[in-house]
Amino acid sequence: MPGNFPVARAYVTCDDRRVTIPAPPQPRRLYRPRDQRIVAGVAAGLSRHLGVPVLAVRIALVVLLGFNALGLLLYAAYWAVLPQEARGEEKPVRRDLSALLPFAAIGLGVVLLQAQLFGDSVSTTAGWMIAVIAVGAGVIWHQSDPSRRDAYTDNPASAPWFAAIVSENDRRSFLFRFIGGGILVAVGIIGVVAVYAPSGSLSAVFNGVIFAFVGLLGVGVVVAPLVWRTFGQLRAEREGRIREQERAELAAMIHDQVLHTLALIQRNSTDIKEVQRLARGQERSLRNWLYRPTASPTERFAAALEQAAAEVEDTYAITVETVVVGDTQCDERVAALVAAAREALVNAARHAGVQTVSLYAEVEEDELSVFVRDRGAGFDMGGVAKTRHGVRGSIIGRMRRHGGRAEIRSEPGDGTEVRLMLPITRESVTAGKESVR
Amino acid sequence: MTEPVIEPEARRLNVFLVDDHAMFRAGVRAELGVHVDVVGEASTVSEAVSRISAVQPDVVLLDVHMPDGGGRAVLEAVRRAHPQVRFLALSVSDAAEDVIGLIRAGARGYVTKTISPDELAAAVRRVADGDAVFSPRLAGFVLDAFASRPDVPVADPELDQLTNREREVLRLLARGYAYKEIAKELYISIKTVETHVSNVLRKLQMSNRYELSRWAADRRLV
């Protein structure tokens, strides 16, 4: 799991088997709203995010227009970068384009006033041209936004020529705007060239640098937000998919196992043994699902031992308290050890007359050891008939055949402990541990 | 201050339950009520912190998972102000990182919710007396966490290593032996077994070995 990504956390408790998946908190984000917009909704989005009146934001943008078209630059940048608000249920409000007129008048006034005051028309013109390039780049970039493509389909109503340029919902405007954006960029670059061309040799070098810079900036403006947002979308999509998958998996598991077990328990509620067996099996499978990495019982020692314990639990309706320290790979000899341990568990389950048996296994550098202990009836080793093969053949003999040893300690009335030891080579342990980590 | 003079054995312990499931609290209260006085319950972290501070019980039975932060948050909030209150983790979770985390925060022991009422009462008594309570599973986690790894640099060998004797005691605990049986097996007194177990708990709580909790989280071993 990468970083602090909020994983859907599931936990189960024994009393009512409730499963909780808290949703991750929704971060506050800056959007361009679909309603309340005149051109692209940048001013409305900013005013919502900052909590200032939308009129103030618009006036500020228009006034900034006078300073080398800074307002236009900002607008284009925000337009390119901000995502549009998710489509709600409500019908989008029709835009009142006449509201643009006063702002256009104010902007023109500010520009004229500046020209009157400073007369520095060259730098002002260059700023405007760069702004034009930026707007053109913004238009082009918007056409390549993948989320917009499906948006084209749902507002096919035709609009006046101005709406065709600024509308984001008209399929027909796609080509129009792409070409328009391109023309804007081209005009901007030509304009900048035109402004600086008649200068002297020193400034010609300077102009070259400016052109290169402008070109780079244009490419950057077009490409960077696209990459950035596409990446963001991919990530959001992936997170959503993982969460959805986890939820679906959990739901399927609960349906297949928990609900069926509960139904069986209700039908067998008088048979205490059966209810205990079902509950125990279900608890184990839920625990495995929630906490344990999955491992194949044919490959890993711990998994094999746990599977053997689970089989004995299910068959003989007892609890095997399993503790395994360390892990290693399974081979033929390790499998023999597991089989001997299983036999010891079966003996304890059948003869000891207790509800709980302890199974402890430890992987050491040079030895595997398994202990099976019960506090049951116990028996006298000397008194076991020669014809019985459970202990001699399946436990002691098997361990001896594979180069290990088995000790059985039992006293009548004081329970039994079976100790199984299997020497191993250092390499196999190391390999096992590394592959687990 | 007039302390009533009673034999320590005769004094009934004050126990506080923290668990977000009312059904489980009711069950424990019914089972444990014969042996001890259940003086309070809480279902959230904030409720638990304020009520434990007010009641000041002998032992708090603490659930690992709760919606608003879990047992660890309760432990950290209460422990500094009231060091005499002892905590016993009682959990259905047997994920190593949960259990080790709670023990490292200062819980005196860990038992699973499948424990029998008599064993639970005995565990509460032992924690109240200042001893540590190790379930076989917890012993397994600790052995796993302290498993000697020669490649890991040890910051404080005195603190970070288990002695051979402590390791032996833990192994026997994991094998399902009772303290009495361990004493018999190792030819030592029960008191010595208790000392070893308490030392292991202390090392677990004080160990500056940061890999300990990381290890458990990485491996998600049970």
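Visitor: Why is Leu102(B) called buried?

Guide: Buried means a relative accessible area under 20%, exposed means over 50%, and partly exposed lies in between (1.4 Å probe, protein chains only). Leu102(B) has a relative accessible area of 3%, so it is buried. Before we go on, this is a predicted model, in which local features need pLDDT of at least 70, side-chain atom pairs count only at pLDDT 80 or more, and totals for chains, interfaces and linings use all residues. Residues are numbered from 1 along each chain as its sequence is written, chains are lettered from A and ligands numbered from 1 in the order in which they are written, and side-chain values use heavy atoms, with hydrogens and water left out.

Visitor: Which residues is Leu102(B) in contact with, leaving aside its neighbours within four places in sequence?

Guide: Contact means heavy atoms within 4.5 Å. With those neighbours left aside, Leu102(B) is in contact with Val64(B), Gly71(B), Arg72(B), Leu75(B), Ala89(B) and Ala107(B). For Arg72(B), 30 residues apart from Leu102(B) along the chain, the C-alpha atoms are separated by 5.6 Å.

Visitor: What makes helix 4 of chain B largely enclosed by the rest of the structure?

Guide: Helices (H or I, at least four residues) and strands (E, at least two) are DSSP runs, numbered from the N terminus. Leu102(B) is found in helix 4 of chain B, and nine of the 10 residues of that helix are buried, so the rest of the structure largely encloses it. Among the buried ones are Asp98(B) and Arg104(B). After the helix comes Gly106(B), with a positive phi near 125°.

Visitor: What makes a set of residues a nonpolar core?

Guide: The members are buried Ala, Val, Leu, Ile, Met, Phe, Trp, Tyr and Cys residues joined through side-chain atoms within 4.5 Å. The largest such core here has 53 residues, and those touching the most other members are Ile52(B), Val74(B), Phe87(B), Phe134(B), Val142(B), Leu170(B) and Leu173(B). Helix 4 of chain B gives the most to this core, with six residues.

Visitor: How do you know that this core lies between domain 1 and domain 2 of chain B?

Guide: Domain bounds come from an automatic or database domain assignment. Domain 1 (14-146) and domain 2 (159-219) of chain B both give residues to the core, so it lies between them. Apart from it lies another core, of 39 residues, among them Ala302(A) and Val418(A).

Visitor: Why is Asp63(B) called buried?

Guide: Its relative accessible area is 2%, which is set against the limit for buried, so Asp63(B) counts as buried. Asp63(B) is found in the loop between strand 3 (59-62) and helix 3 (71-79) of chain B. Not counting residues up to four places away in sequence, Asp63(B) touches residues including Asp19(B), Asp20(B) and Lys113(B). An unreviewed UniProt entry places the feature "modified residue: 4-aspartylphosphate" at Asp63(B); UniProt positions are given in the numbering used here, feature names are shortened, and annotations may be inferred rather than shown by experiment.

Visitor: What makes Tyr360(A) and Phe371(A) a stacked pair?

Guide: Rings of Phe, Tyr and Trp (its six-membered ring) pair if their centres lie within 6.5 Å; planes under 30 degrees apart count as stacked, over 60 as edge-to-face and the rest as tilted. Tyr360(A) and Phe371(A) are 6.1 Å apart centre to centre with 25° between the planes, and the pair is stacked. Tyr360(A) is in strand 2 and Phe371(A) in strand 3 of chain A. Both residues are buried.

Visitor: How do you know that the charged end of Arg175(B) sits over the ring of Phe371(A)?

Guide: A charge sits over a ring if NZ of Lys or CZ of Arg is within 6 Å of the ring centre and within 35 degrees of the ring normal. The charged end of Arg175(B) is 3.6 Å from the centre of the Phe371(A) ring and sits over it. Arg126(B) likewise has its charged end over the ring of Tyr179(B), 4.1 Å from the centre.

Visitor: Is Tyr187(B) buried or exposed?

Guide: Tyr187(B) has a relative accessible area of 78%, so it is exposed. Tyr187(B) lies in the loop between helix 9 (179-186) and helix 10 (190-206) of chain B, and has a positive phi of about 55° although it is not a glycine. Ala317(A) also has a positive phi of about 55° without being a glycine, but at 11% relative accessibility Ala317(A) counts as buried.
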